[in-house]
Amino acid sequence: DAGGTRVQLSPLEFGVLETLLSLRGKPVARVHLIERVWGTSYDGGSNTVDVVVRNLRKKLGPVADRVETVRGVGYRLR
């Protein structure tokens, strides 16, 4: 539900949002997201998480700003 509107999320977008919700208010490292959502080890050079978060923000529309970038760490949901 994004501002009262249902949105369709991909499995990866849902996994990222679910992880951020479970740790609401705490910064979540990209490496943690990759391990938890993708089920694999971090390769150190991928921007995959950033792309999924960008798409997630587009879909969240008016509440997209609740997914915050934490410089040098990853993301946080407020």
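Contact here means heavy atoms within 4.5 Å, while helices (H or I, at least four residues) and strands (E, at least two) are DSSP runs, numbered from the N terminus. This is a predicted model, in which local features need pLDDT of at least 70 and side-chain atom pairs count only at pLDDT 80 or more, while totals for chains, interfaces and linings use all residues. Residues are numbered from 1 along each chain as its sequence is written, and side-chain values use heavy atoms, with hydrogens and water left out.

**View 1. Helix α2 and its cover.** Let's start with a helix and what lies over it. The buried residues of α2 are R30, L33, I34 and V37; buried means under 20% relative accessible area, exposed over 50%, and partly exposed in between (1.4 Å probe, protein chains only). Looking down the axis of α2, you find these buried residues within an arc of 100°, so they line one face of the helix. The arc is that of the directions from the helix axis to the C-beta atoms. An α-helix has 3.6 residues a turn, so residues three or four places apart point the same way. The cover over the buried residues of α2 includes α1, β1 (28–29), α3, β2 (67–70) and β3. Just after α2 comes G39, with a positive phi of about 70°.

**View 2. Helix α3 from end to end.** How far apart are the end C-alpha atoms of α3? They are 18 Å apart, which agrees with the 18 Å that 13 residues should span at 1.5 Å a residue; the expected span is 1.5 Å times one less than the number of residues. Buried in α3 are V49, V52, V53, L56 and L60. They too fall within an arc of 100° seen down the axis of α3, so they line one face of the helix. Their packing partners are α1, α2, β2 and β3. After α3 you meet G61, whose phi is positive, near 55°.

**View 3. The largest nonpolar core.** A nonpolar core is a set of buried Ala, Val, Leu, Ile, Met, Phe, Trp, Tyr and Cys residues joined through side-chain atoms within 4.5 Å. The largest one has 16 residues, and those with the most contacts inside it are V16, L20, L33, V49, V53, V67 and Y75. Two or more residues come from each of α1 (11–22), α2 (30–38), α3 (48–60) and β3 (74–77). The largest share, five residues, is from α3. Zoom in on V49: apart from residues up to four places away in sequence, V49 touches R30, L33, I34, W38 and Y75.

View 4. Three strands make an open sheet in the order β1-β3-β2, with antiparallel pairing; two strands pair if DSSP finds at least two bridges between them. At the edges are β1 and β2, each pairing on one side only. Four bridges join β2 to β3, and V67 stands opposite L77 in β3. Three residues lie between the strands of this hairpin, where G72 takes a positive phi near 75°.

**View 5. R24 in its loop.** Look for R24 in the loop between α1 and β1. At 43% relative accessibility, R24 counts as partly exposed. Setting aside neighbours within four places in sequence, R24 is in contact with R66, L77 and R78. R24 and L77 are 53 residues apart along the chain, yet their C-alpha atoms are separated by 5.3 Å.
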